[in-house]
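Here is a short tour for a reader new to this structure. Keep the 3D view open and follow along.

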Amino acid sequence: TNQVAIVTGASRGIGRAIATLLALQGAQVVCVARSEDELLDVAQKTNGLPVVADVCDERDAQLIVSATLSRFGRLDIVVCNAGVGSFNLLENFSAEEWDRMFDVNVKGTFLLCKAALPHLKEQQRGHIIGIASDVSKRTFAHGTAYGASKYAQHAVLDALRKEARPNGIKVSVIYPGLVDTYFNESRPGAPDKEKTHLQPIDVAQAVRYVLEAPAHVVVDELMLHPVTQEW
Ligand code: NJP
């Protein structure tokens, strides 16, 4: 199709896989992240529009949407994927680390939705997709800050679904378990992770699934895990 999609966190990991799959499906993709070199690479491979931006910055969020509209004249899909996480005992987290997770994971999602909504409302159509986490719905040790931010991101999108429905706008949220990416400073591709982790493409396929729902159907939530993940 000739749909236009914004994907945040497109420089690597899950966002890169989503941008790549959407481009393969025929979408025009606006690739958003802070790392210019990686972003230019993925934009070139997807024939997409690179927008170097920090999702925590309100002006950047507005710029992402205005750059999309001036380049393509339309906006159909907004994928709020950019996210960060680090894990520690509560007493070992700095206030800065706490703020960083809430800034990217919660405020980043809020700001891009806020910037996109006037346009989506005007056209009475659009699809917002959030990449949350299985820990948006359960807690775990060492996950106070990250888990709280992902619960909050889930709450933002869950409430937004109710606000958006009267305007014909769909909100779908995907809750993956462990995914083999650069998340939390890890290195993807270790052979032992093939069984223990999802691959970024698995999450991209979930995005494709929710996008393929018929016009009268919204997939509210989709949770996926590697079969081996115990918790
Ligand atoms: O992580 P990673 P994932 N402004 O580190 C971007 C969730 N999740 O793909 O700016 C704009 O490979 C960053 O780009 P850059 C997770 O919570 C994961 O795994 O250049 N972009 C990069 O492209 C997150 O919401 C797992 O540094 C910013 C991307 O985000 C989503 O999946 C499990 C940014 C991160 O790529 C994607 O994470 C789960 C900013 N301020 C949920 N800050 C998992 N991996 O196990 C970061 O349940 N980015």
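Which residues does Ala61 touch, not counting residues up to four places away in sequence? The contacts of Ala61 are Val55, Leu111, Leu112 and Ala115.

## Ala61 and its surroundings

This is a predicted model. Ala61 sits in helix 3, which spans residues 58-72. Is Ala61 buried or exposed? Ala61 counts as buried, because 25 C-beta neighbours lie inside 10 Å, and 20 or more are enough for that label.

One of the contacts of Ala61 is Ala115. Along the sequence, Ala61 and Ala115 are 54 residues apart. In space, their C-alpha atoms are 6.2 Å apart.

## The nonpolar core

The largest nonpolar core holds 68 residues. Inside this core, Val7 and Cys31 have the most contacts. Helix 4 (residues 95-123) gives the most to the core, with 10 residues.

What does Val7 touch, leaving aside residues up to four places away in sequence? Cys31 is one of its contacts. Val7 also touches Gly15, Ile18, Ala19 and Leu22.

## Around the ligand

The shell around the ligand has 31 residues. Which of them come nearest? They are Gly9, Gly13, Ser35, Gly83 and Ser133.

By class, the shell splits into 14 nonpolar, 12 polar and 5 charged residues. Helix 1 (residues 13-24) supplies the largest share of the shell, 3 residues.

Strand 6 covers residues 169-176. Why is strand 6 described as largely enclosed by the rest of the structure? Because 8 of its 8 residues are buried. Both faces are covered. On one side, Ile169, Val171, Val173 and Tyr175 are buried. On the other, Lys170, Ser172, Ile174 and Pro176 are buried too.

Strand 5 and strand 6 run parallel and are joined by 6 bridges. Here Ile128 stands opposite Val171 of strand 6. Strand 5, helix 5 and strand 6 form a right-handed β-α-β unit. Strand 6 also pairs with strand 7 (residues 221-224), in the parallel sense, over 4 bridges. In that pairing, Ile174 stands opposite Leu222 of strand 7.

## Met223 in strand 7

Met223 belongs to strand 7. Met223 counts as partly exposed, because 15 C-beta neighbours lie inside 10 Å. Which residues does Met223 touch, not counting residues up to four places away in sequence? The contacts are Asp134 and Tyr175.

Compare a second pair of residues. Met223 and Cys113 are 110 residues apart along the chain. Their C-alpha atoms are separated by 21 Å.

## Two loop residues with positive phi

His142 is not a glycine, although it has a positive phi of about 75°. His142 is in the loop between strand 5 (126-131) and helix 5 (144-164). His142 counts as partly exposed, because it has 14 C-beta neighbours inside 10 Å.

Asn184 is not a glycine either, and its phi is positive at about 55°. Where does Asn184 lie? It is in the loop between strand 6 and helix 6 (193-196). Is Asn184 buried or exposed? Asn184 counts as exposed, because it has 10 C-beta neighbours inside 10 Å.

Technical notes:
Residues numbered from 1 in each chain as written. Predicted model: local features only at pLDDT ≥ 70, side-chain atom pairs only at ≥ 80, totals over all residues. Buried ≥ 20, exposed ≤ 12 C-beta atoms within 10 Å, placed from the backbone. Contact = placed C-beta atoms within 7 Å. Near = placed C-beta within 6 Å. Nonpolar A, V, L, I, M, F, W, Y, C, P; charged D, E, K, R; others polar. Pairing = 2+ DSSP bridges. Right-handed = clockwise from strand over helix to strand, strands pointing away. Core = buried A, V, L, I, M, F, W, Y, C linked by C-beta atoms within 7 Å.
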